[in-house]
Amino acid sequence: LHDALPICRLARGAPPGRVARAIGALLPASALPRAEAALRIPGASQMRSTIDELIGASLAVATVVTTLFFALITAERRGELARLRAFGASTWRIAGGLVVQGEAAVAVGVAAGYSGAIVLLAAAPPSFPAVVTARSAIGLAIAFLITGAIGAGATLISVARLDPATAMAAA
């Protein structure tokens, strides 16, 4: 079925929607951009729904894992954080440092995931109905960075409650 369909590659910068409309006006057939045509394949909308559910679950898991990871780091570095507080570092400055560390880890994970997706899509056959657009990749990256900030920011409560004298006496 897919071999019988004509496919046209666009020049760099050509808007797919406008080209599809122009082809549709010239030929007695339907012309669709690749992303829209892929969604018209039987079962593609169900696959898209499943992928959306997996993305939602991944975001929830990422938030929980990041929160637990940074709760562990905060507990492990309690003495160091107490010394920083004793030397005058504000709660916001310490929490900000923890969030930056969390965001760096999330950014590395997002880059690795995106790179892996590109490699897998390059290895897939041309008829495989998957498209990774820059818009969706950027949207997912932002969503994962937000969940990373939420997870790392959850340690703010522990940092705010940190009493330098008590923590240093316990260490």
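Helices here are DSSP runs of H or I, at least four residues long, numbered from the N terminus. I'm working from a predicted model.

I looked up the second largest pocket and got a volume of about 1000 Å³. Its lining has 29 residues, and the closest to the pocket centre are Arg48, Ile51, Ile55, Val132 and Leu140. Which helices each supply at least two residues of that lining? I noted H2 (34-39), H3 (44-76), H5 (91-123) and H6 (134-153). Next I sorted the lining by type: 23 nonpolar, 5 polar and 1 charged.

**Core**

Then I went for the largest nonpolar core, which has 10 residues. I wrote them down as Phe70, Ile73, Leu81, Ala82, Ala89, Ile94, Leu98, Ala152, Val159 and Leu162. H3, H4 (78-86) and H5 each put at least two residues into this core.

**Aromatics**

How many aromatic pairs does a search of the whole structure find? I got 1. Phe69 and Phe70 make an edge-to-face pair, 5.1 Å centre to centre with 90° between the planes.

Phe70 counts as buried because its relative accessibility is 3%, and the cut-off for buried is under 20%. Phe69 comes out at 44%, so I logged Phe69 as partly exposed.

Note on methods. Residues numbered from 1 in each chain as written. Predicted model: local features only at pLDDT ≥ 70, side-chain atom pairs only at ≥ 80, totals over all residues. Heavy atoms only, no water. 1 Å grid on protein atoms, 1.4 Å probe; cavity = no way out; pocket = protein on both sides within 12 Å on 5 of 7 lines; lining within 4 Å. Points joined across faces, edges and corners; volume = space filled by probe spheres on them. Nonpolar A, V, L, I, M, F, W, Y, C, P; charged D, E, K, R; others polar. Core = buried A, V, L, I, M, F, W, Y, C linked by side-chain atoms within 4.5 Å. Buried < 20%, exposed > 50% of the residue type's maximum accessible area, 1.4 Å probe, protein only. Phe/Tyr/Trp six-rings, centres within 6.5 Å; stacked < 30°, edge-to-face > 60°.
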